[in-house]
Amino acid sequence: MRLIAIALLLATNLIVAPKSDTVPRAAIAAEIASLVRIETIAGPDGRPASIVGFNADSLRGRSLLAPFLKANGRFVSYIASHTPGAAARLVTDGSDPQVVRDSVVTALRESPAFNERLYYMLASYWRPTGRRIEGYTVPARTVVSSKTLQRVGARFFYPDRVSSTGDTLFTHVCAGINGISELPESVDPMVEAFVFVAVNRAVFETQNSPMMRAFDAASKRAKAATVSKDPAKRVVRAQRAMWAYMENSPAMASALTRTYQRYGALMPFQLRTAAK
């Protein structure tokens, strides 16, 4: 009788014991296809054209990655768009948009750098729930200083033209045209993604945000520094003045700190703040 009771207890435990929640890498690879979409827009000549872009924040509700991407899709979009062969693009040369989309999906699936960063964020996001990625071991975090992040953040404000009269400074604030490549050291795309999200949110969080006020002040200093008859020198001087001001602005430091407090647990780097 005792043996029967033990057997029943073991059988019951087998029935109610939770299964290991392990996500196969193939399942994540399958989901990557849903990140890339084709949209129809008005082309340069006014006629309909196709654009291949990213769909990182509006996947179907039951998608494996949907909850993660709803909260963190901006990071994924950035690293995806900066993966070789996977940049979003306007299809205007007669190519088949579906073929272009498939090539972008393939580039993402076959990129070790993209997948490593995606896996790190997913593993960190899923860790509290006990879910893990099959065969993936989370690597140790690197250490990045707050000064490095501020230097990267400043380069997202990119003056590239000064009017002939010197009273207008044309500046890009975007993920595609910036001064990141002009830094003396290479920057991990995940660091770039984090900083861009921080800067973009801070610029547009209110109509007259602290970051926008800092940008306005930096623009005035940059215009004042453009005195030269050489157009190229004018731009270089404007960039140096813009970057020096934005890099050291309290608005930049605050935006990065607040963003790290919110998303830092998902990042593959640990923030080292400057000693006071």
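This report describes the overall make-up of a predicted protein model and then turns to two of its residues, Glu247 and Gly130.

## Overall architecture

The protein in this predicted model contains ten helices together with nine strands. Of its 276 residues, 43% are buried, and the accessible surface of the protein amounts to about 15,500 Å², with carbon and sulfur atoms contributing 56% of that area.

## Glu247 in helix H9

Glu247 belongs to helix H9, which covers residues 231-247. With a relative accessible area of 11%, Glu247 counts as buried, because this value falls under the 20% cut-off.

Leaving aside residues up to four places away in sequence, Glu247 touches Lys147, Gln150, Arg151, Ala154 and Arg155. With one of these residues, Arg155, the side chain of Glu247 forms a side-chain to side-chain polar contact at 3.2 Å.

## Gly130 in a loop

Gly130 sits in the loop that lies between helix H5 (112-126) and strand E5 (132-133). Its relative accessible area is 51%, and Gly130 is therefore classed as exposed, since the cut-off for that class is over 50%.

Although Gly130 and Asp21 are separated by 109 residues in sequence, their C-alpha atoms are 6.8 Å apart in space.

## The two residues side by side

Glu247, a helix residue, is buried at a relative accessible area of 11%, whereas Gly130, a loop residue, is exposed at 51%.

Notes:
Residues are numbered from 1 along each chain as its sequence is written. This is a predicted model: local features need pLDDT of at least 70, side-chain atom pairs count only at pLDDT 80 or more; totals for chains, interfaces and linings use all residues. Side-chain values use heavy atoms; hydrogens and water are left out. Helices (H or I, at least four residues) and strands (E, at least two) are DSSP runs, numbered from the N terminus. Buried means under 20% relative accessible area, exposed over 50%, partly exposed in between (1.4 Å probe, protein chains only). A polar contact is a pair of N or O atoms within 3.5 Å; within protein, one must be able to donate a hydrogen and the other to accept it, and residues adjacent in sequence count only if both atoms are side-chain atoms. Contact means heavy atoms within 4.5 Å. Accessible areas come from the Shrake-Rupley method with a 1.4 Å probe; for residues, only the protein chains shown count as cover.
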